[in-house]
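Here's a quick briefing to read alongside the coordinates.

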Amino acid sequence: MTLAHLRNGDTLVRLAVGFAVSVSTVWRYLREAIDLLAALAPDLSQAADRAGRLAYAIIDGTLIPIDRVADQRPYYSGKHKRHGVNVQVLADAAGRLVWASPALPGAVHDLTAARTHGLINALTRVNVMTFADKAYQGAGGTIWTPFKRQPNRPRLSKRQRSVNRQHAKIRALGERAVATLKTWKVLAKLHCSPHRATAIVQAIQVLQHTEDDRYPR
């Protein structure tokens with residue numbers, strides 16, 4: 001039942017019909033199973049230790065759409081022009097999912113989200129070179145971002161443009177981890193309270209790592 005909900009995005013009503021139980025029973029079973037799986041998810045310290053053994057890592061932010069809520073403003077992303085929650089994704093050099101952060105309101109900027117979770121400090125602690133896009137400019141530590149045009153120098157040099165192209169090729173691999181996360185169709189749009197987003201993402205991490213057999217506990 002939980003797999004059908006997370007992987008296929010089946011609604012509570014469809015699950016109730018398919019498993020011949022009440023909607024309230026489905027709701028209770030899903031909540032219990034998701035919370036149990038979420039409790040097994042790696043924390044940031046474990047994820048950073050894994051990243052420290054990599055040649056390099058990649059971080060990226062993604063917005064998971066949600067239904068509108070009563071207090072809409074914190075969840076509205078001006079970048080994406082929709083309501084959602086911000087999740088930071090850490091990938092390895094092959095674009096495989098290493099870790100996904102707890103969810104923050106969609107209005108939170110990627111750099112602010114990474115700092116809030118302590119992700120930048122954790123990656124710097126293990127001294128792993130980490131590639132990120134321009135949204136992480138000024139992150140410091142071991143975070144590498146592309147060159148950005150400055151007001152007093154509107155054009156990048158040939159060398160800077162070349163570096164940015166190579167940087168983009170590496171970062172593109174990180175998008176695979178985001179895509180992997182979103183193959184779980186429940187994340188196409190969450191129809192529950194946004195406060196449940198963290199548990200759902202963490203449960204999906206555990207199942208994805210089990211499926212990949214890449215980062216077992």
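Helices here are DSSP runs of H or I with at least four residues, and strands are runs of E with at least two. Keep in mind that this is a predicted model.

- UniProt, in an unreviewed entry, lists residues 1-41 as "domain: Transposase Helix-turn-helix".
- That span is 76% helix and 0% strand, and its end C-alpha atoms sit 20 Å apart.

**Helix H3 (23-38)**
- Buried residues of H3 are Thr25, Val26, Leu30, Ile34, Leu37 and Ala38.
- As for the pattern, an α-helix has 3.6 residues a turn, so residues three or four places apart point the same way.
- The cover over the buried residues of H3 includes helix H1 (2-8), helix H2 (12-19) and H8.

**The nonpolar cores**
- The largest nonpolar core has 35 residues, and Leu6, Leu187, Leu190, Ile200 and Ile204 touch the most other members.
- Elements giving two or more residues to this core are helices H3, H7 (158-181) and H8 (197-212), plus strands E1 (57-65), E3 (82-91) and E4 (97-100).
- H8 supplies the largest share of this core, with eight residues.
- Leaving aside residues up to four places away in sequence, Leu6 touches Ile34, Trp184, Lys185, Val186, Ile200, Ala203, Ile204 and Leu207.
- There's also a second, separate core of 23 residues, with Ala48, Trp99, Ala114 and Val128 among them.

Technical notes:
Residues numbered from 1 in each chain as written. Predicted model: local features only at pLDDT ≥ 70, side-chain atom pairs only at ≥ 80, totals over all residues. Heavy atoms only, no water. Core = buried A, V, L, I, M, F, W, Y, C linked by side-chain atoms within 4.5 Å. Buried < 20%, exposed > 50% of the residue type's maximum accessible area, 1.4 Å probe, protein only. Contact = heavy atoms within 4.5 Å. UniProt positions renumbered as here; feature names shortened; annotations may be inferred.
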